[in-house]
Amino acid sequence: MGVCGCGKSTIAAALAAAFDVRFIEGDAYHPAPNVVKMSAGIPLTDDDRTDWLQALATEIAAARERGTGIVVSCSALKRRYRDQLRRADPNLRFAHLAGPRGTIAARMQTRIGHYMPISLLDSQLRDLEPLQPGEAGITLDLTQPPEILVASIIASTGRTD
């Protein structure tokens, strides 16, 4: 979880590979109107995110029912969004990639082919509710190398394989 440009997709894909489970790119689940809005630099509202979060929750619930793991890259900016996803699997854990605005903005400027403009970074930072006490997860410094971030997430799960 985290704001645009924090490295969610990179870390989630590497984590899924390490766990040998399915990876879901949350951005791919946004309905077309959401993508149009974001592409135009218009921040999404809670209502805009409802169907998107439900689609991700459905995937999470299906993985739980199958007894298979899943890694999802998703901004999950607000506690209520995370709670909605957690209802799909009460054992869901979050890895919040947090770091300086300047670092994130610099990363966004180098991205090619992504619809999310840098102008939306500040609205995402305003909406961000970091992990709170009682939420299963870990907050990580996004300036660390990807392999360190993935190793830290794995260590936080208690998995030894």
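This is a predicted model: local features need pLDDT of at least 70, side-chain atom pairs count only at pLDDT 80 or more; totals for chains, interfaces and linings use all residues.
Local features were considered at pLDDT of at least 70 and side-chain atom pairs only at pLDDT 80 or more, whereas totals for chains, interfaces and linings use all residues. Residues are numbered from 1 along each chain as its sequence is written, and side-chain values rest on heavy atoms, with hydrogens and water left out.

Under the criterion that a side-chain nitrogen of Lys or Arg lies within 4 Å of a carboxyl oxygen of Asp or Glu, the count comes to 12 salt bridges. One of these joins E59 to R22, with 2.8 Å between the closest N and O atoms; because E59 belongs to helix 3 (residues 46-66) and R22 to strand 1 (residues 22-25), the pair ties together parts that are 37 residues apart in sequence. Helices (H or I, at least four residues) and strands (E, at least two) are DSSP runs numbered from the N terminus. With buried defined as under 20% relative accessible area, exposed as over 50% and partly exposed as in between (1.4 Å probe, protein chains only), E59 is buried at 19%, while R22 is partly exposed at 37%.

Helix 3 also contributes D48, whose side chain meets that of K37 at 2.5 Å, N to O, K37 being located in helix 2 (residues 32-39), 11 residues apart from D48. D48 is buried, with a relative accessible area of 19%, and K37 is partly exposed at 23%.

A further salt bridge connects R49 and D127, the closest N and O atoms being 3.9 Å apart. Since R49 lies in helix 3 and D127 in helix 6 (residues 121-127), this pair ties together parts 78 residues apart in sequence. R49 is buried, at 4% relative accessible area, whereas D127, at 23%, is partly exposed. Separately, R79, R82, D83, R86 and E135 are linked in a network of salt bridges.
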